[in-house]
Amino acid sequence: MAPRTWLLGVFTLLRSTSATISFEIMTPEEAKSSSACPLTSKTARDLEDNKFTQIICPFGIVVAGTTSFDVSLLEYAARVVAELVDGDGDGAADEPAVVDALRYGGGSPAALVCGTSWREEEGGEDIAGIDYGFSCQAHWGGNNEELRKSIILEEAFHLVHQNGWAEVWPEIFGYADDFSSTVCEEMARLQCVAPGWHHPENECPGNDNERSPGDPAPTPLPGTCNEPSCDCNEFHRQAALLVSGQMTSAVADLWLAEHMPATKEAAEAMLSAEYLAVLADARYAQPRAPIIGAYTPPFDYQTTAPPTGDACSGLAKTTCKKTAGCAYKTAGCASCSGVKRKTC
């Protein structure tokens, strides 16, 4: 992969199905008893041991920051993940099967792991219960906040693509060895072409990376990003976000490969009708607008009606204490019903 605030507090959406989406910053220990991403003791211990002490779970997807990682950037990362799976911001996943793959306990659980250095983020590569830990890589941006955000956006996109879209629709977004998915075929169609695609870690034949349209180089190329999971993944991130209008958004400092177009209009002129149809098809839940890290659930804990019955059960300690109608007692969250007034 290419190297590279929401408000402190709780945003909780209580749906008619009684499912709870929590955006609280938790410790791994608190997450164990949360409904957002109820970690096992082993997962919590692995996170703690590797200094990942800040946990947010948008739609149950783990976003973890080390103790020293900037809180505002961690919140931004979680907002971006939420925008990628809920593009219309209505509080419900655009495609539930994608979230079911990505979330903790799902079919292909992923985590976005954020630290202040490569060494810190290496600790997120082998966490129990996590299929793959995607490094935020924001440290490559130095003190440039906009660059750090653009890097986080790139890695969050890779997470949702690789462990979400590719799992649900492998024939469209997947990584078959023969490059047969729609995304891979489009990448191969533009390999070493100008305008087109060429990952800088790969080598075009004779260093000819300005081939004419319709005359792509054979795929795979020699290089260190020639596997489908790298070459197709990196291409799709750039092409899909170009078409969404990302490069004219508030978070526009994204890496583009040499000879990739820099505008939505030029990208659409280069891409095939089949590929553009995938991006436009609502079934595949691809970004239809720029991702800017501004996701906010429709309701927050200050305006949601006080929970009743079992609605308090499973809330993390901090969430519980801030949620009207709930009380934290005997290492668990419960409705105030039956709890001493002073305690509630």
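Where does P195 lie? P195 is placed in the loop between helix 8 and helix 9, and several of the points below return to that loop.

The model is predicted, so that local features are reported at pLDDT of at least 70 and side-chain atom pairs only at pLDDT 80 or more, whereas totals for chains, interfaces and linings use all residues. Residues are numbered from 1 along each chain as its sequence is written, and side-chain values use heavy atoms, with hydrogens and water left out.

1. Helices here are DSSP runs of H or I with at least four residues, strands are runs of E with at least two, and both are numbered from the N terminus. The peptide bond between A194 and P195 is cis, with omega about -5 degrees. A cis bond also leads from T219 to P220, where omega is near 5 degrees, and P220 too is found in the loop between helix 8 and helix 9. As background, most peptide bonds are trans, and most residues other than glycine have a negative phi.

2. Buried means under 20% relative accessible area, exposed means over 50%, and partly exposed lies in between, for a 1.4 Å probe and protein chains only. On that scale C192 is buried, at 0%, while N207 counts as exposed, at 58% relative accessibility.

3. N226. This residue is found in the loop between helix 8 (182-189) and helix 9 (228-244), and it is buried, with a relative accessible area of 19%. The side chain of N226 reaches the backbone oxygen of L221 at 2.8 Å; a polar contact is a pair of N or O atoms within 3.5 Å, of which, within protein, one must be able to donate a hydrogen and the other to accept it, and residues adjacent in sequence count only if both atoms are side-chain atoms. Leaving out residues up to four places away in sequence, N226 touches F179, N202, P220, L221 and D231, where contact means heavy atoms within 4.5 Å.

4. Packing around helix 9. Axes are lines fitted to C-alpha atoms, for helices over the stretch in contact, with angles running from 0 to 180 degrees between N-to-C directions. Angles under 35 degrees count as roughly parallel, over 145 as roughly antiparallel, 65 to 115 as roughly perpendicular and the rest as oblique. The axes of helix 8 and helix 9 come within 9 Å and cross at roughly 80 degrees, which makes the two helices roughly perpendicular. V183, C184, E186 and M187 of helix 8 meet P228, D231, C232, F235 and H236 of helix 9. The axes of helix 9 and helix 11 (residues 273-280) come within 11 Å and cross at roughly 70 degrees, and these helices are therefore also roughly perpendicular to each other. In that pair, F235, H236, A239, A240 and V243 of helix 9 meet Y275, L276 and L279 of helix 11.

5. S244. Within helix 9, S244 is buried, with a relative accessible area of 7%. Its side chain reaches the backbone oxygen of L241 at 2.8 Å. Residues up to four places away in sequence aside, S244 touches P287, R288, A289 and P290; the C-alpha atoms of S244 and P287 are separated by 6.0 Å, although the two residues are 43 residues apart along the chain.

6. Nonpolar cores. A nonpolar core is a set of buried Ala, Val, Leu, Ile, Met, Phe, Trp, Tyr and Cys residues joined through side-chain atoms within 4.5 Å. The largest has 64 residues, and F59, L112, F173, F235 and L271 have the most contacts inside it. Helix 3 (residues 71-85) gives the most to this core, with 10 residues. Another core lies apart from it and has 17 residues, including L47, I55, V62 and V113.

7. Helix 2. In helix 2 (residues 41-49), T43, A44, D46 and L47 are buried. They lie on the same side of the helix because they cover an arc of only 160 degrees around the axis, the arc being that of the directions from the helix axis to the C-beta atoms. Their cover includes helix 1 (28-32), strand 3 (52-56) and strand 4 (62-66).
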